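Let's walk through this model together, starting with a helix and ending with the chain as a whole. Keep the structure open beside you as you read.

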Amino acid sequence: MAVIRPFAGIRPCQEKADKIAALPYDVYNRQEAKKVVEQNPESFLKIDRAETQFEDSVGTYENKVYKRAHDTLWEMVEKGDFVREAKPCYYIYELTMDGRVQTGIAACASIDDYLSGTIKKHENTRAEKEADRICHVDTCNAQTGPIFLAYRAHSVIREIVNGKKQEMPLYDFVSEDGIRHRVFVIEDEGQIKTIRETFEKIGEIYIADGHHRAASAVKVGLKRRESHPDFTREEEFNYFLSVLFPDEELMIMDYNRVVKDLNGLSASDFLGKVKDIFDVEKLDSQEKPKEKGQVSMYLDGNWYLLTIKEEDKSNDPVEGLDVSLLQKLLLQPVLGIENPKTDERIDFVGGIRGLGELEKRVSTDCAVAFAMYPTSIGELFGVADAGKLMPPKSTWFEPKLRSGLFIHEI
């Protein structure tokens, strides 16, 4: 059973929510983050990426950077930019993008469920990326960026959420990227009890996005347990900030590949090898693949539709993914991409950027681009249920959850 419990959140005062709420820390490089903070001095990025408050000569991971994040956060709480909830609550977080609505519940998940596998992973994490957020969470004494979790939809939770959304929201604003954000507070004790008990019955919870944030929060919790050997598992450091979404409302976008050279082949020779591996159709214009088992390729100014042959498909939850098959059939044997995680000849482009970005990359710094059919949420669940890991850059979720709307003090 999964323990998904309410928490007394620290959240922006109503009049500043739209200014404070910021995209996740890891979607920006340092200069991009600094520009955002310069343009909006109240952006939560000045806490999530506190190096934006220093000269570029100061290292991103220096101790004084984390200390500044801590001081900035608690100074803002002190002066009333943030308010502290009077009692533990659940929060409804609704995001609307291009008319599509997805609604999650902001809550705290158990580090024990993460460690036991009740909260399931589908990606590996890297120690150096964890280290940054470990220092940030530990120094700030707070979790500032929610982990994006998914669960199999349940009618009881759906009914409570839909009913609450008929009321006046706590926040309602449109961010600079056109996403509408609405937040509601669930403080009724009966509804809180029902939601908690329903999550216990659902059982499996899945990390959709935020594997590094989750791993970092768990490691901070374990560190605090060592410092408090008499811990009871009720302390806040035993839980991490999350927003949980039902699978029926989630959309995964394509995560596309661009390769910088053709591994010594001419465009015509490479196309010949592609035709040996796939069923190939030349397209009149740019076109996304329409179903699983198809890949659109942009090469030498032309688009092609590649269809994976039946004999090459697999029922294995990982080997059967389109991204796995492209790697196995073409990227590794023909283009020499042995490890897409480390090879500098391959790059990845989120589907939010469109096919035009792939054409742009091929016209500037790459030789070929591959537009993928999106991995489904069912495939993600299947990989996690099998205890396996997805290849790197298999999923791209939109819209992104804003940081700073909910803070969990530990």
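## Helix α2 and its buried face

Helix α2 covers residues 30–39, and its buried residues are R30, A33, K34 and V37. Buried here means under 20% relative accessible area, exposed means over 50%, and partly exposed is in between, using a 1.4 Å probe and protein chains only. Seen down the axis of α2, these buried residues fall within an arc of 100°, so they line one face of the helix. The arc is that of the directions from the helix axis to the C-beta atoms. An α-helix has 3.6 residues a turn, so residues three or four places apart point the same way.

What lies over that face? Among the elements covering the buried residues of α2 is α3 (45–48). Contact means heavy atoms within 4.5 Å. Helices (H or I, at least four residues) and strands (E, at least two) are DSSP runs, numbered from the N terminus.

## How to read the model

This is a predicted model, in which local features need pLDDT of at least 70 and side-chain atom pairs count only at pLDDT 80 or more, while totals for chains, interfaces and linings use all residues. Residues are numbered from 1 along each chain as its sequence is written, and side-chain values use heavy atoms, with hydrogens and water left out.

## Helix α10 and its neighbours

Helix α10 (residues 267–277) has F270, L271, V274 and I277 as its buried residues. Viewed down the axis of α10, they fall within an arc of 115°, so they line one face of the helix. On the other side of α10, S268 and D276 are exposed.

Which elements cover the buried residues of α10? The cover includes the strands β15 (279–282), β16 (294–299), β17 (302–307) and β19 (368–372), along with the helix α11 (322–331).

Y206 sits in strand β11 (residues 205–209) and is buried, with a relative accessible area of 0%. Leaving aside residues up to four places away in sequence, Y206 touches K120, F148, L149, A150, R152, L380, F381, A384 and D385. Y206 and A17 are 189 residues apart along the chain, and their C-alpha atoms are separated by 28 Å.

G104, in strand β5, is also buried, with a relative accessible area of 0%. Residues up to four places away in sequence again not counted, G104 touches Y91, I92, Y93, V243, L244 and F245. R196 belongs to helix α8 (residues 189–202) and is partly exposed, at 27% relative accessible area. The residues that R196 touches, not counting those up to four places away in sequence, are V3, I4, R5, P6 and Y90.

## Backbone details in the loops

Where do positive phi values turn up in residues other than glycine? D98 has phi near 55°, and D98 is found in the loop between β4 (90–97) and β5 (100–110). D98 is exposed, with a relative accessible area of 76%. N263 has a phi of about 60° and is placed in the loop between β14 (255–259) and α10. At 40% relative accessibility, N263 counts as partly exposed.

There is a cis peptide bond too: the one from E398 to P399, with omega near -5°. P399 lies in the loop between β20 (396–397) and β21 (408–409).

## The chain as a whole

The protein chain contains 13 helices and 21 strands. Its C-alpha atoms fill a box of roughly 65 × 50 × 45 Å, taken along the principal axes. For 410 residues, a compact globule would have a radius of gyration near 22 Å, and the protein chain has 22 Å, which agrees. That radius is taken over C-alpha atoms, and the globule rule is 2.2 Å times the number of residues to the power 0.38.

Buried residues make up 55% of the 410 residues. Of the contacts with a separation of 6 or more, 77% are between residues 24 or more positions apart. The protein chain exposes about 17800 Å², of which carbon and sulfur atoms supply 46%; accessible areas come from the Shrake-Rupley method with a 1.4 Å probe, and for residues, only the protein chains shown count as cover.
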